[in-house]
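This report describes one chain of a structure and its contact with a neighbouring chain. Please keep the sequence and the structure in view while reading.

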Amino acid sequence: MKTLAKILAPLALAATVVPPLLFLFKAMGEGPMKATMLGAAVVWFAFSPHWMKGGSQ
Amino acid sequence: MSEETSGGTGGEFEREPVPEKARKGSSAFWGMYASEHTAGTEFMIGPLFVAWGASAFDMVFGLLLGNLLAVLTWRFLTAEIATARRLTLYYQLERICGRNLVVLYNLFNGILFCFLAGAMVTVSATAVGVPLGESVRMPTFEQTWPTGVVWCLLCMAIGTAMTFVAVRGYGFVARVGHLAAPWMLLVFVACGVVMLAKLGSTNLFELIDPPEGAPRRIGFWGIVFFAWFCNAAVHLGMSDLSILRFARKPSYGWASAAGMFLGHYVAWICAALLLVYWVRQFGVDPQKGAMPGPMVFDAVGVAGLLCVAVAGWTTANPTIYRAGLAFQGMFPRMTRTTATIIAGAFCTVAGVFPAVAMKLLDFVGLYGTILAPVGAVIVVDHFLARRLGLATNYAERHGIRFNVAVLLAWAIPVAIGLAIYRTQHINSFMLPLPCWVACGALYILFTKLMNRRAGLGLSSSPSCR
């Protein structure tokens, strides 16, 4: 779980900020951007407790 | 905005210096400051700058300078005293002012905490209300009264839920807040980037500048002072003694830069862009503004609503909890549950009225004006007392429970400051510094006078150190 969290939690952070950048450069539509950000939020809250220091305490 | 840490409970060295083994490394402080200053209220402050007609130059460079001054205050005042004495604000004050004056301080602290938590209830309600559509009338910046029955019910439901969680102890919420912090900051950044995309420009200076002839209620120095003193109670007012006493070195005070330059710089500018877009795209009157919930939902969708709700919730809950502790400190026989319920009820009522959230710039200025001057007494006691021949820890040394010199030194500048605010309509965030300086000077004067009357000058008080 910890290994998975190490990969997915930072990816979720990236998926929070990269879609708006892609939207800025017209490489992604508004709908997919919002959907990706929502998915990233779910993944972040699911996996960050196992990744962040003190997150599971 | 930031939260204060009560030193009221928990057996965490409340009445003794923090021992070596309990001290923490710098990373704990960088993380804590970054998370505590990315709160729900940041969604209000950025747009309020736009509503007040701030220019782009003033915002970009005024915030830079103001936040730098705030960081320097944390580093060279708060962190220096915290690591030298390693006591909570409350215990430090008790040693100087006496127990009964700390009770009075707690009263003001608790009430102001409730209003602050109320503002967060309001901000959260603007997010939770979005799925309810037209049935909820969102308030505008100009509204101070509830907008309707559904709005009242919404705020009461949120306030009740927050109070319930605070009564249960806020460990879970603190944990969610800790986890949410990096994600929330990125959602702020995402909002800013999306707004740049929708506005079709990456030139901040062109986007933020108000149109010609727009009323300007805040200029460069106003923004500098706001950024410096929106947390005046925490740095100048020494509330953060309770946190920084755990720092191994005073240099950890630099960690406040994480909160200032991420939460109070990046997040405020990104939040400001939200209103800029709504003004240009939907013709919203900047004076009336638009609420964070609908703006963030429009920008980044449900993730944004989640962010506003979580940001409000995770900052309101500890605030209600700490307000409860402050009230409990006044009435030691009251249980923490009762005190927290009273604080929660107070904050819920405050949240129903949008006044505090809509006047947040004013409110945080008043918050600093009322509470920060007390910190000047601690600064005088720490840096100047020996040089001026005053006894340090006056109340403890003289066995008194109410130091009249502190009360007068605190009350006189605050009363004058509030009178100037009421009559001259000066922005409240310009007042903490003069009140703080005046409080320190009056404390020196009154203590010398008291010593002279009682014959307790340095020469007759060999125990002075």
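## Overall architecture

How many helices and how many strands are there in chain B? Chain B has 20 helices and zero strands. Its radius of gyration is 22 Å, close to the 23 Å that the globule rule gives for 465 residues, so chain B is as compact as a globular protein of that length. The model is a predicted one.

Along the principal axes, the C-alpha atoms of chain B occupy a box of roughly 75 × 45 × 45 Å. Consider next the contacts in chain B between residues at least 6 apart in sequence: 87% of them join residues at least 24 apart.

## The buried interior

Of the 465 residues in chain B, 60% are buried. The largest nonpolar core contains 190 residues, and those with the most contacts inside this core are B:Cys191, B:Ala272, B:Leu274 and B:Val296. Helix α11 of chain B (residues 256-282) gives the core its largest share, 18 residues. If residues up to four places away in sequence are left out, B:Ala272 touches B:Gly46, B:Pro47, B:Phe49, B:Val50, B:Met59 and B:Ile208.

Why is helix α9 of chain B (residues 220-229) described as largely enclosed by the rest of the structure? Eight of the ten residues of this helix are buried, which means that the rest of the structure largely encloses it. Among the buried residues of α9(B) are B:Phe225, B:Phe226, B:Trp228 and B:Phe229.

## A pair of packed helices

Helix α5 (residues 99-128) and helix α6 (residues 149-167) of chain B pack at an angle of about 120 degrees, and their axes are 9 Å apart. The crossing of α5(B) past α6(B) is right-handed.

On the side of α5(B), the contact is made by B:Val121, B:Thr122, B:Ser124, B:Ala125 and B:Val128. On the side of α6(B), B:Leu154, B:Cys155, B:Ile158, B:Gly159 and B:Met162 take part. Sorted by class, this contact has seven nonpolar, three polar and no charged residues.

## The contact with chain A

Chain B contributes 17 residues to its contact with chain A, and chain A contributes 18 residues. Within chain B, α7 (171-199) and α13 (302-330) each supply at least two residues of the side that touches chain A. The largest share of that side, twelve residues, comes from α7(B).

Which classes of residue make up the side of chain B that touches chain A? This side has 15 nonpolar, two polar and no charged residues.

How values were computed: Residues are numbered from 1 along each chain as its sequence is written. Chains are lettered from A and ligands numbered from 1 in the order in which they are written. This is a predicted model: local features need pLDDT of at least 70, side-chain atom pairs count only at pLDDT 80 or more; totals for chains, interfaces and linings use all residues. Two residues are in contact if their C-beta atoms, placed from the backbone, lie within 7 Å. Helices (H or I, at least four residues) and strands (E, at least two) are DSSP runs, numbered from the N terminus. Ala, Val, Leu, Ile, Met, Phe, Trp, Tyr, Cys and Pro count as nonpolar, Asp, Glu, Lys and Arg as charged, and the others, Gly among them, as polar. The radius of gyration is taken over C-alpha atoms; the globule rule is 2.2 Å times the number of residues to the power 0.38. A residue is buried if 20 or more other C-beta atoms lie within 10 Å of its own, exposed if 12 or fewer, and partly exposed in between; C-beta atoms are placed from the backbone. A nonpolar core is a set of buried Ala, Val, Leu, Ile, Met, Phe, Trp, Tyr and Cys residues joined through C-beta atoms within 7 Å. Axes are lines fitted to C-alpha atoms, for helices over the stretch in contact, and angles run from 0 to 180 degrees between N-to-C directions. A crossing is left-handed if the near helix is turned anticlockwise from the far one by less than a right angle, and right-handed if clockwise.
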